[in-house]
Amino acid sequence: MEAGIDQLVNMGFAAELAAEALAAADGNVVDATDWLLKNGSRHSPAAKPRSPVFQPKINTFFNSHSEKDVERLSQAPADGDGFQRKKRKKTSESTPLSERMRPQNLSEVVGQEHILGENTLLQSAVNSGRLPSIILWGPPGTGKTSIAKAIASDCNSASSVYRFVSLSAVTAGVKDVRDVVDQAKKAKQMSHKRTILFLDEVHRFNKAQQDSFLPIIEDGSIVFIGATTENPSFHLITPLLSRCRVLTLHPLNPHHLISLLNRAVSDSLRGLSSNTSGAAKLEVTDEAINFLSSQCDGDARVALNSLEAAATTAMARTPGTQSVSIVTLDDAKQALQCKHLAYDKSGEEHYNLISALHKSMRGSDADASIYWLARMVEGGEEPLYIARRLIRFACEDIGLADPQALQQAIACYQGCHFIGMPECNVILAQCVAYLSLAPKSVSVYRAIESAQKVVKESVGQNERVPLHLRNAPTKLMKDLGYGEGYVYPPDNPSDSSLQTYLPPSLQGYKFLHWS
């Protein structure tokens with residue numbers, strides 16, 4: 001008992017209360033602590049109000065406010081506005097410019113007129129307050145997340161019937177989705193509000209995880225908005241696509257980015273100046289704006305964050321609060337470092353670019369072919385992958401028209417393997433130019449395709465090899481007629497021309513058309 005009292009006293013309780021609590025809890029210290037927390041105040045004098053008692057050890061144990069916390073809160077304005085302003089200011093200073101400049105509603109969204117214009121599906125749905133489940137598919141920085149949040153904002157300002165919940169497939173799982181659905185059902189019952197569930201990077205969910213959305217979209221428990229940078233046809237399951245409308249977003253044009261950058265410069269609440277309290281005034285040259293708009297490959301996030309980095313460089317160069325900091329073209333170049341290229345070696349853009357290269361060579365346009373090659377090389381594509389595709393092209397599209405093309409492509413592969421990047425870029429360019437300018441023939445390609453089709457469809461019943469074409473290495477096989485009647489062409493050129501080589505059911509078939 002005494003040890004328990006000492007323990008409670010060390011935690012900050014009075015000895016008399018500690019003894020009473022232990023007696024009520026049959027000597028259990030943990031139960032005695034709970035008893036004290038619930039009933040301790042009843043034993044305190046009620047007639048004499050007293051200031052809060054600070055008990056450091058028990059405060060640490062139960063994670064209560066320290067004296068400094070209470071003092072800080074007691075000095076805050078009664079309405080809490082000062083505290084909220086400081087919190088907002090701190091958040092603003094640590095938030096990237098691209099996040100601060102997110103559109104507050106759909107009217108602030110720049111670009112994507114094909115899905116946000118008048119009489120479009122999405123705009124009509126927002127105006128009527130009846131949102132369908134949608135998938136927003138587009139490259140990074142084109143406004144997928146911004147559009148989803150703006151949709152919720154516009155719907156709430158119109159009818160206040162939607163609540164917005166955002167998850168990321170990078171960190172969330174099925175349990176998080178279930179929690180959101182449970183909350184959505186409660187909100188619908190209590191306040192008649194439907195829930196918009198926005199899931200960023202939805203393609204990162206596997207098939208089983210995507211299946212979890214099917215029943216809740218089907219019964220209307222949520223309005224689902226998914227965002228993905230990957231082709232939904234390859235990365236999302238068909239049942240999910242059948243329940244959602246897929247809306248494609250395009251990279252922003254330079255004039256769209258110029259509009260966004262100018263807005264960030266002029267906006268005093270959310271733009272560049274909101275993060276420079278007490279610092280020099282900021283100005284941005286037109287050359288810097290034009291450079292960023294043309295070098296960011298339609299990615300608004302890259303453009304805005306590069307502008308913020310350039311502004312930081314300019315302010316560091318201009319000390320003091322009275323002078324003007326000018327963001328120059330050199331600041332923009334320093335911030336961006338190199339041109340931003342939208343290229344994903346395992347994504348759709350990878351296949352788009354190799355397709356463009358292949359078709360340009362097939363069309364004998366050497367200039368376009370070298371351009372698409374440069375796009376792939378600068379995007380970081382593996383040179384041996386490009387060389388392997390060139391070998392295939394040499395046989396598929398050139399073939400017998402120039403048999404040397406295959407040797408050129410194989411030599412290109414070996415050269416790339418020997419010296420690697422960046423020196424092998426010239427080897428690839430030479431091979432691409434040769435294949436582009438070479439004569440073209442698809443006769444071999446069509447011949448093998450036609451023959452394989454015949455085999456797959458059993459046009460010739462896939463007969464056994466005729467006896468006169470079989471090899472006869474043993475006496476038994478010779479006795480069975482293997483090789484009997486075969487005419488050796490070098491010895492009998494005239495007779496061999498009458499010899500047949502196809503199965504009887506395919507006599508007269510022509511696969512290779514070459515003249």
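In this predicted model, a network of salt bridges ties together Arg-362, Arg-392, Glu-396 and Asp-397. The structure as a whole holds 13 salt bridges. The background is simple enough: side chains of opposite charge can pair when their charged atoms come close.

One pair reaches across the chain. Glu-308 and Arg-100 meet through their side chains in a salt bridge, with N to O at 3.3 Å. This pair links distant parts of the chain, with Glu-308 sitting in helix H18 (residues 300–317) and Arg-100 in helix H7 (residues 97–100), 208 residues apart. Both partners, Glu-308 and Arg-100, are buried.

Other pairs stay within a single helix. Lys-175 and Asp-179 form a salt bridge whose closest N and O atoms are 3.3 Å apart. Helix H11 (residues 174–191) carries both Lys-175 and Asp-179, which are four residues apart, or about one turn of the helix. As for solvent, Lys-175 has a relative accessible area of 60% and so counts as exposed, whereas Asp-179, with 31%, is partly exposed.

Key:
Residues numbered from 1 in each chain as written. Predicted model: local features only at pLDDT ≥ 70, side-chain atom pairs only at ≥ 80, totals over all residues. Heavy atoms only, no water. Salt bridge = Lys/Arg side-chain N within 4 Å of Asp/Glu carboxyl O. Helix = DSSP H or I, 4+ residues; strand = E, 2+ residues; numbered from the N terminus. Buried < 20%, exposed > 50% of the residue type's maximum accessible area, 1.4 Å probe, protein only.
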